[in-house]
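Here are my notes on the model, as promised.

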Amino acid sequence: MSCTTSAALKFASRGLALTPGRKYFSSHKMPRITVDGVVAKLNGFAPESLCEKWDNVGLLIEPYLRREVSNILLTNDLTEMVMSEAMTLSAELIISYHPPIFAPLKRITQKSWKERIVTLCLQECIAVYSPHTCWDNVTNGVNDWLATALPLASSQPIQENLSNPSYGAGRICVVQGELTLRQAIDRIKDHTKVKAVQVARSHGCVQLDVPIRTFAVCAGSGGSLLKGVKADLYITGEMSHHEILDATHQNIHVVLLGHSNSERGYLPVFRNILANMLQDFSDVNIHVSECDTDPITLHPIDRY
């Protein structure tokens, strides 16, 4: 199977160090863990109650046969290629950041790719768990990872969680030290390992060496959450044409990474978090998908 390998990324903030390669634990004296046990650990890190009201999170596919977990596959999107990878790895559990089941399924047949994935999961006894906006809103989650692309003096949620103000959607941040838009773009690309980003400069701005003192982040689609947020720079995966125009006319620069490119780099970080949570259990391999990629690629224009 030939896939694009997800690069290991650095996440130095809050003492979370990333070690390349998958985590492996083995001890005859340590107990094994089941899917239910892993799900409990996942909920301990990011409770399902943190999700947005419109979201579909948690254990989405639960095969009848309860299995001990030896192989876990982390992916941003559960595509058919990733499903094939999971079967090759003999995974008992797939943690898919985006929920593969969102709109209700009225039947399970072989006619659509999502239905085929469900049938394969049930046939191969592979469970599927999706955290989605729980990971966005939790401390040390996706948005905190994305915010550390730039030097931080402070960071707080744009929309605070009512029960815990340290949780919430998006992040509004103050830059530590001096930073220009040009430097910010380079740091964002280095942090996310995205080779090319889309940049919309504020209305009338012709230089990249303008100062950035504040910025706001929202992994994925940030147009609605970032609307009206006062910052020098927005960092997100995607925004609509008119949302970008509104931002630039409010003297806000915009950096777009591509929807899943603004999220995928968190997976190697979470691999280490999950490894720490499962360190008291034996024989657990945690893999980051090598087949999970953004569906959109940028191609340079040929010059004749």
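Predicted model: local features only at pLDDT ≥ 70, side-chain atom pairs only at ≥ 80, totals over all residues.

1. Start with His98, which touches Asn76, Asp77, Ser130, His132, His259 and Glu263, leaving aside residues up to four places away in sequence. Contact here is heavy atoms within 4.5 Å. One of the polar contacts to look at runs from the His98 side chain to the side chain of Asp77, at 2.6 Å. (Polar contact: a pair of N or O atoms within 3.5 Å; within protein, one must be able to donate a hydrogen and the other to accept it, and residues adjacent in sequence count only if both atoms are side-chain atoms.) His98 counts as buried because its relative accessibility is 13%; the cut-offs are under 20% relative accessible area for buried, over 50% for exposed and partly exposed in between, with a 1.4 Å probe and protein chains only.

2. Numbering runs from 1 along each chain as its sequence is written, and side-chain values use heavy atoms, with hydrogens and water left out.

3. Why look at His98 at all? The unreviewed UniProt entry lists His98, Asp136, His259 and Glu263 under "binding site". They span 166 residues in sequence, yet no two of their C-alpha atoms are more than 13.4 Å apart, so they gather at one spot. Positions follow the numbering used here, feature names are shortened, and such annotations may be inferred rather than shown by experiment.

4. Where do His98 and Glu263 sit? His98 is in the loop between strand E4 (93-96) and helix H3 (113-124), and Glu263 is in the loop between strand E13 (253-256) and helix H9 (266-277). Helices (H or I, at least four residues) and strands (E, at least two) are DSSP runs, numbered from the N terminus.

5. Glu263 is buried, at 2% relative accessibility. Beyond four places in sequence, its contacts are Asn76, Tyr97, His98, Val142, Trp145, Ala219 and Gly220. With Asn76 there is a side-chain polar contact of 3.2 Å.

6. Another pair for your list: the side chains of Asp144 and Arg171 make a polar contact at 2.8 Å. Asp144 belongs to helix H5 (residues 142-147) and is buried, at 4% relative accessibility.

7. On the overall fold, the protein has 9 helices and 14 strands, and 50% of its 304 residues count as buried. Of the contacts between residues at least 6 apart in sequence, 70% join residues at least 24 apart.

8. The largest nonpolar core has 57 residues, and those with the most contacts inside it are Ile72, Trp135, Leu233, Phe270 and Leu274. H9 gives the most to this core, with 8 residues. (Nonpolar core: buried Ala, Val, Leu, Ile, Met, Phe, Trp, Tyr and Cys residues joined through side-chain atoms within 4.5 Å.)

9. Ser90 has a positive phi of about 60 degrees although it is not a glycine; Ser90 lies in the loop between helix H2 (80-88) and E4. Asp283, also not a glycine, has a positive phi of about 55 degrees and is found in the loop between H9 and strand E14 (284-288).
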